[in-house]
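Visitor: Please take a close look at one part of this model for me. Then set that part in its wider context.

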Amino acid sequence: MKIMAAVKRVVDYNVNVRVKADQSGVETSNVKMSMNPFDEIAVEAATRLKEGGHASEVIAVTCGPAQSTETLRTALAIGADRGVHILTDVELQPLAVAKLLKAAVEREQPQLVILGKQAIDDDAGQTGQLLAALLDWPQATFASNIRIGANTATVTREVDGGLEVLELTLPAIVTTDLRLNEPRYVTLPNIMKAKKKPIETWSPADLGVDASARLKTLKVVEPAARKAGGRVNDVAALIDKLKNEAKVI
Amino acid sequence: MTTLVIADHEGARLKAATLNTISAARQLNNGVHVLVAGHDARGAADAARIIEGVDRVVLVDAPHLADGLAENIAAQVLMLATSYTHVLFPATAAGKNVAPRVAANLDASQISDVIAIHDADTFDRPIYAGNAIATVRCDDAIKVLTIRTTAFDAAPSASAPAPVDTKAAVAGTQRARFVRREVPVSERPELTSARIVVSGGRGMGSAENFALLDSLAQKLGAAVGASRAAVDSGFAPNDWQVGQTGKIVAPQLYVAVGISGAIQHLAGMKDSKVIVAVNKDAEAPIFSVADYGLVGDLFEAIPQLTQAL
């Protein structure tokens, strides 16, 4: 079977983002960009399933501007066999991405689509579930383990308070949580190999999808800063403050 | 103009997050209905009907709703959703799992982690781990929101109970099956609704050392949390994780022990009423949000603190 892994180019995890002075968004020019960490886990999971003999091909797909190709190359260096780039410069919101991915799924016919549980830029955490609903496929979000059986995926999910195990009939959608795997270190030979792997480019129009933004962002501001408090010298002083000043214990 | 709140519950019991979501719903100045979809969920429905601001409880009780499968709960919500202007879920693991499925079927743009409601169409939500707050307007006929529970107070009890309507369930899916749940029984309160949270970071050094926090938490009646660094190092289970990619908490008192204070961690706890930081590194960023900072060795300070309480 084919597995599709969806990846997104985002502001790197270690960048301290700054809100633009005109309140139109956050500064993304001249900022380090990387693959969304949860998507790296998705590509790694897909690659391991292929290495374990459960998949014939891993297709990495991304939606976004020309630079998103770099993110696809990273996915190919981890182990995806080929890439699909749905090229668009419009501001993509989760519902539009899910519609584009649905069209890609209908073309490629994967049996399993693995996505990150959330992107660390918009923190929406929706795309996998939206895609599952649009395709009318079963879903297992926040996965920490995936086992493939005969026409099934048995997925352990991270839920409030512990874990839950679901069995899904394929085709299905899985979104990744942190502990599913630790993505491999991408080696130079694999980066070189990735450069030779094929990437197809499609447009939203090719797929018959209107990807325009529906939610209107009125403004983006910095959150109210929390004032830095004082220091205490020892445990006795701390207890005194908590009891008599803050009155929380 | 009526809002439907989807209850997060455990059958007999309503989860605290539902009360915060009801508070958010009341700010829309609409009627508020609460859907309890589950099995043997009469207890949760009875709890929901005595919450202030709830005008009606809709109870759908069926065996295939027992385990909260997203496919089945979403189908149930969709059966009702077109009678409402807003559908609100708490931004819990359960709510986040189901809400987008509902939105997609309504061709609506779901809005995640709402922290403020300006009017019926305009909402604030955090982006970039809470380093920016976006104000967004939604023109969809039915708005589907998840509510960040720490941003809204829990709704109080009502004087008069609301009526409970029982509705028949729609058919469930055969393509997703619940296998089992592994939820360790804990004497500690639930992390997201605890009054006090004691969290450990990489500075704890090992899983065994987390026992220090357990003793302190026991004394304080607190829940135990962890930073992502501590979870990644295998010191603590993932469902203890506080931060951008874990749980969002806002207790009365948050005690950060051996946590440096990466922005991703601050995203999960900076709305706590009082923050205490214990760290041997005087330059650690956690001190910039702490009300009371103690620079010192946690392996001395925490046992002393536990002893003295």
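Guide: Trp240(B) is partly exposed, with a relative accessibility of 26%. This is a predicted model. Burial here means under 20% relative accessible area, and exposure means over 50%. Trp240(B) falls in between, so it counts as partly exposed.

Its partner is Phe210(B). By the ring-pairing rule, the count over all chains comes to one aromatic pair. The ring centres of Phe210(B) and Trp240(B) are 6.0 Å apart, and the ring planes meet at 45°, so the pair is tilted. A stacked pair would need planes under 30 degrees apart, and an edge-to-face pair over 60. Phe210(B) sits in helix H5 of chain B, residues 210-220. Trp240(B) sits in the loop between helix H6 (228-232) and strand S14 (253-257) of chain B. The two residues are 30 apart in sequence, so the pair ties together separate parts of the chain. Phe210(B) has a relative accessibility of 5% and counts as buried.

Now the chain around that pair. Chain B has eight helices and 16 strands. Its radius of gyration is 20 Å, close to the 19 Å given by the globule rule for 309 residues, so chain B is as compact as a globular protein of that length. Its C-alpha atoms fill a box of roughly 60 × 40 × 40 Å along the principal axes. Of its 309 residues, 58% count as buried. Among contacts in chain B with a separation of 6 or more, 65% come from residues 24 or more positions apart. Chain B exposes about 11,300 Å², and carbon and sulfur atoms supply 49% of that area. It carries 26 positive and 31 negative side chains. The centres of those two sets lie 3 Å apart.

Chain A comes next. Its secondary structure comes to six helices and 13 strands. Its C-alpha trace spans about 65 × 45 × 40 Å along the principal axes. Buried residues make up 55% of its 249 residues. For contacts in chain A between residues at least 6 apart in sequence, 72% join residues at least 24 apart. The chain exposes about 10,700 Å², with 48% supplied by carbon and sulfur atoms. It has 31 positive and 31 negative side chains, and the centres of the two sets are 3 Å apart.

One residue of chain A touches both chains. Glu164(A) contacts Val155(A), Thr156(A), Arg157(A) and Val159(A), as well as Asp67(B), Phe178(B), Arg180(B) and Arg181(B), leaving out residues up to four places away in sequence. Glu164(A) belongs to strand S9, residues 162-169 of chain A. At 6% relative accessibility, Glu164(A) is buried. From Glu164(A) to Ser144(A) the C-alpha distance is 9.9 Å, across 20 residues of sequence.

Some backbone details in chain A complete the tour. Leu170(A) and Pro171(A) are joined by a cis peptide bond, with omega about 0°. Pro171(A) lies in the loop between S9 and strand S10 (172-176). Asp136(A) has a positive phi, near 55°, and is not a glycine. Asp136(A) is in the loop between helix H4 (127-135) and strand S7 (139-149). Its relative accessible area is 47%, which makes Asp136(A) partly exposed. Phe142(A) also has a positive phi, of about 55°, without being a glycine. Phe142(A) lies in strand S7 and is buried at 7% relative accessibility.

Note on methods. Residues are numbered from 1 along each chain as its sequence is written. Chains are lettered from A and ligands numbered from 1 in the order in which they are written. This is a predicted model: local features need pLDDT of at least 70, side-chain atom pairs count only at pLDDT 80 or more; totals for chains, interfaces and linings use all residues. Side-chain values use heavy atoms; hydrogens and water are left out. Helices (H or I, at least four residues) and strands (E, at least two) are DSSP runs, numbered from the N terminus. The radius of gyration is taken over C-alpha atoms; the globule rule is 2.2 Å times the number of residues to the power 0.38. Buried means under 20% relative accessible area, exposed over 50%, partly exposed in between (1.4 Å probe, protein chains only). Contact means heavy atoms within 4.5 Å. Accessible areas come from the Shrake-Rupley method with a 1.4 Å probe; for residues, only the protein chains shown count as cover. Lys and Arg count as positive and Asp and Glu as negative; His and the chain ends are not counted. The place of a charge is taken as NZ of Lys, CZ of Arg, CG of Asp or CD of Glu. Rings of Phe, Tyr and Trp (its six-membered ring) pair if their centres lie within 6.5 Å; planes under 30 degrees apart count as stacked, over 60 as edge-to-face and the rest as tilted.
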